[in-house]
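Here is a short note for a colleague who has not seen this model before. The points below take up a few local features, one at a time.

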Amino acid sequence: SWTPHSFVESTVAELKEKLGNDKVILALSGGVDSSVAAVLLHKAIGENLYCIFVDNGLLRKNEFQDVLDSYKHMGLNVKGVNASEKFYTALKGLSDPELKRKAIGKTFIDVFDEEAKLVEGAKWLGQGTIYPDVIESVSVNGGPSQTIKSHHNVGGLPDYMKLQVVEPLRLLFKDEVRRVGKSLDIDDAILQRHPFPGPGLGIRILGEVTAEKVRIIQEVDHIFISSLKEDRLYGDVWQAGAIFLPVQSVGVMGDERTYENAVALRAVSSTDGMTADWVHLPYDFLAKVSNKIINQVKGINRVTYDISSKPPATIEWE
Ligand code: XMP
């Protein structure tokens, strides 16, 4: 029967056989899937695995440095690339969600491709694709609906990257990936991390993305997520985050009338992201978080909590 341990043993043996002395390039995202895929590949081929971790300027607060450090501790051969300005430039003037996704995706490919070229003689592209990604990309491409968000990270390769693809997690579900990660001694901070979309905060800032809005929503998100952790609610939630709304509203501070931005907090429970319920977070907790945000984050005078389930709402707002 399937155990994480036997999966690791047989997969590492297969990868060794398949890859020999070839070089593999892999994009790390900070998420569970790419991290587990990287550690498996590293176990099989060591320094021939070249990991690239791109800062797209749309990550959570401190995420780039924290995650880069933990990858280095795990012994991975990883290069961090700060490309924030390129992404902000590509996003300038865009407010349509799909155009934003495309701009982010294209910029990512450009940055990644440039880095990949520096790895001479690389033959393979490693990916953390898991079973639900495989299913979803088939139904997105083959299904009748063209309106499904152009999410995912499967099949987005340009032709000019003439690399073969190796996907060691292709047959696993998320919980199995976590169990495999655990048996590989990967840090819980990575394994228990909530899912986070590839386009990151770029699709949690409704409308045009600017560096200033990113800074604001990073602060708000950081307060929300660290409060969830402090109150031991983080583990009960599938995914949580903050959304920067394209709305200003009137407030009052001292004798002054203010006219500032509003944010929405979202926390959902789910098993696979296909359906989701909003989490009934305790009122006391919401009150505390709201106070912290309004007191600490300049530019925000209103906090709302999203009480919509999927369907018909989606988890993300864009
Ligand atoms: P929705 O908003 O469709 O999200 O209910 C379902 C799950 O998918 C994530 N998501 C994305 N992931 N690129 C990604 O890699 C994307 O463009 C994207 N859009 C949504 C979302 O965070 C949730 O986990």
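1. The model is a predicted one.

2. Helix H5 covers residues 97–117, which makes 21 residues. From first C-alpha to last it reaches 30 Å, close to the 30 Å expected at 1.5 Å a residue.

3. Which residues of H5 are buried? They are Lys100, Arg101, Ala103, Ile104, Thr107, Phe108, Val111 and Phe112. These residues span an arc of only 165° around the axis, so they sit on the same side of H5. In general, an α-helix has 3.6 residues a turn, so residues three or four places apart point the same way. Leu99 and Lys117, on the other side of H5, are exposed.

4. The cover over the buried residues of H5 includes strands S1 (23–28), S2 (49–55) and S3 (78–82), together with helix H4 (84–91).

5. Helix H1 (residues 4–19) packs with helix H7 (residues 174–183) at an angle of about 80°, the axes being 9 Å apart. The two helices are therefore roughly perpendicular to each other. H1 contributes Pro4, His5, Phe7 and Val8 to the contact, and H7 contributes Arg179, Val180, Lys182 and Ser183. By class, four of these residues are nonpolar, two polar and two charged.

6. Valine 252 lies in strand S6 (residues 239–253). Is valine 252 buried or exposed? Valine 252 has 9 other C-beta atoms within 10 Å, so it is exposed. Apart from neighbours within four places in sequence, valine 252 is in contact with Arg257 and Thr258.

Notes. Residues are numbered from 1 along each chain as its sequence is written. This is a predicted model: local features need pLDDT of at least 70, side-chain atom pairs count only at pLDDT 80 or more; totals for chains, interfaces and linings use all residues. Axes are lines fitted to C-alpha atoms, for helices over the stretch in contact, and angles run from 0 to 180 degrees between N-to-C directions. Helices (H or I, at least four residues) and strands (E, at least two) are DSSP runs, numbered from the N terminus. Angles under 35 degrees count as roughly parallel, over 145 as roughly antiparallel, 65 to 115 as roughly perpendicular and the rest as oblique. Two residues are in contact if their C-beta atoms, placed from the backbone, lie within 7 Å. Ala, Val, Leu, Ile, Met, Phe, Trp, Tyr, Cys and Pro count as nonpolar, Asp, Glu, Lys and Arg as charged, and the others, Gly among them, as polar. The expected span of a helix is 1.5 Å times one less than its number of residues. A residue is buried if 20 or more other C-beta atoms lie within 10 Å of its own, exposed if 12 or fewer, and partly exposed in between; C-beta atoms are placed from the backbone. The arc is that of the directions from the helix axis to the C-beta atoms.
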